[in-house]
Amino acid sequence: MEFVLKHNTAEKARSACQIITVTQPRKLSASGQRVDKANKGMLSAILKRGDMDGNVGQTLLLPSTGINGVQRLLLVGCGKESEMNERNFDRVVNAIASTLESSGARDAEFYAAEIPLKGRDLAWKVRQSALLLNNSEYRFDGLKSGKPAPRKGLRKVAINVLKKDAERVRQAIAEATAISAGMNLTRDLGNLPANICTPTYLAKQAQVLAKSDKRLRVSILNEVEMKRLKMGSLLSVSAGSRQPAKLITIEYRGAAAAEQPVVLVGKGVTFDTGGISLKPGQAMDEMKYDMCGAASVFGTLQAVTQMQLPINVVGIIPATENMPDGIATKPGDIVTSMSGQTIEILNTDAEGRLILCDALTYAAKFKPSCVIDIATLTGAVIVALGKVPSGVMGNNPALIKDLIKSGQQIEDKIWELPLWDEYQEQLNSNFADMANIGGRDAGSITAACFLSRFAKDYKWAHLDIAGTAWKSGDAKGATGRPVPLLTQFIINQIK
Ligand code: BES
Ligand code: MN
Ligand code: ZN
């Protein structure tokens, strides 16, 4: 979607569709009142007749308005001003997107600032609107045969603001554009089936991304090189797969070489069958999404590159399949990780932590300012938190606080679970330094406990995105989360 700025008053609009907000009870926005006045009370008459109450998300599309140069007028309800919140803001913008999707309007004029929402400034409203409108435009239909139906819906949105606000708004649009493009990349990689999106494919995409900008550099380690680095834990997961594992590193250099980078480590299991601890068949196709952590590292790095942020960021992606086979790792097998710690693999389906632990050890060589790993790690996080926030845990309260704040800033929420020492003993093993599972209780926390043993040398946080990275059912598809959160966090590290 293209976004442009306009500075005219509402009654002078020229557009395929003018969007006017209405709050309860039946109250027109300031622009709406100007249009109403210029049209001899046409809009207030409509409100009075009861065709538009102003309920949240209610829409009324008028085919003509009497204003020269405006072909349609869309009234959209915001509910009571006192009850307006971020969620209702999203509902209002999504209602606009879905109503105009089936209309013939290709462009619209929008007064984002007039959606009443306390505590959020104009730039926030514009950025959030642009993110939601872009999001509504996403399709993944490249693998259907035949020509895709021509897209209806909005192409271009004019945001109408005062001239004095233009610079801030332009910045907000630039951020939204970069973040949306990053989310689209993340969603595309997530939605691709595992017979296409293999570890080798991810490695190729990293090289493609790196070609786009001279600030990016990529290195790919193959299994022989990983073996030399003694990544026995990571390699135990790829043992049963015919697709070779790759360790992908993408470095973005936006600041001086001496500046410590933010390191993002993304779980890249391109398909998780569970291995010898085979998963049940129900919805197993969704385990193609088990590389969404990796995909979010791609998307975030692309967004950071597009914004040319003055900061250093390193993405590390351990990429592998988790398959059963004659030489696959078996329950009870003991492996030695790159850190030297030994692991008794009691369940081959707890594979995410086995690849992440070696990637976390590897991450130390970049002398990170902090390390954030992103992983579809446990079904248990969905039991604990549902599909609303991602789970967060870590070894540094200030880092966790910054991440939570970043999520609130951009409506990509996370919630902390307690990473207390008491949980560590659930990982005790009779035969190795630790087991790779901690029993039924607090599964997301014991998974993070496992990771914490490999992240002692730096500030570290772990995001469990198993509930938020994709949607199931009719709306099945990758969401692009937590690219907004990660990008906002990186922006905040600069300012
Ligand atoms: N990739 C899964 C986690 C997952 C499951 C994400 C369902 C989304 C939906 C992970 O590798 C896994 O299998 N975890 C196990 C851990 C258990 C064996 C300790 C799980 O959550 O059941
Ligand atoms: Mn698994
Ligand atoms: Zn997995």
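Buried area is the accessible area (1.4 Å probe) that two parts lose on being put together, summed over both. Keep that in mind for the first views of this predicted model.

View 1. The chain splits into domain 1, covering 2-161, and domain 2, covering 177-494. On the contact itself, domain 1 puts in 13 residues and domain 2 puts in 16 residues. Together the two domains bury about 1200 Å² between them, and 51% of that sits on carbon and sulfur atoms.

**View 2. A look at what crosses the interface.** On the domain 1 side, helix 3 (86-101) and helix 4 (122-137) each bring at least two residues to the face that touches domain 2. Helix 4 gives the most to that face, with 7 residues. Sorted by class, the domain 1 side has 6 nonpolar, 3 polar and 4 charged residues.

**View 3. Pro25 and its cis peptide bond.** Here the bond running from Gln24 to Pro25 is cis, with omega near 0°. You'll find Pro25 in the loop between strand 2 (18-24) and strand 3 (27-28).

**View 4. Pro482 and its cis peptide bond.** Arg481 and Pro482 are joined by a cis peptide bond, and omega is about 0°. Pro482 sits in the loop that links strand 21 (477-478) with helix 14 (483-494).

**View 5. Lys230, a lysine with a positive phi.** Lys230 isn't a glycine, yet its phi is positive, at about 65°. Look for Lys230 in the loop between helix 7 (223-228) and helix 8 (232-238). Is this lysine buried or exposed? Lys230 has 60% relative accessibility, so it counts as exposed, the cut-off being over 50%.

**View 6. Lys367, a lysine in a loop.** Zoom in on the loop between helix 10 (352-363) and strand 15 (370-375) and there's Lys367. Its phi is near 45°, a positive value in a residue other than glycine. Why does Lys367 count as exposed? Because its relative accessibility is 59%, and exposed means over 50%.

Conventions: Residues numbered from 1 in each chain as written. Chains lettered and ligands numbered in written order. Predicted model: local features only at pLDDT ≥ 70, side-chain atom pairs only at ≥ 80, totals over all residues. Heavy atoms only, no water. Domains from an automatic or database assignment. Contact = heavy atoms within 4.5 Å. Helix = DSSP H or I, 4+ residues; strand = E, 2+ residues; numbered from the N terminus. Nonpolar A, V, L, I, M, F, W, Y, C, P; charged D, E, K, R; others polar. Buried < 20%, exposed > 50% of the residue type's maximum accessible area, 1.4 Å probe, protein only.
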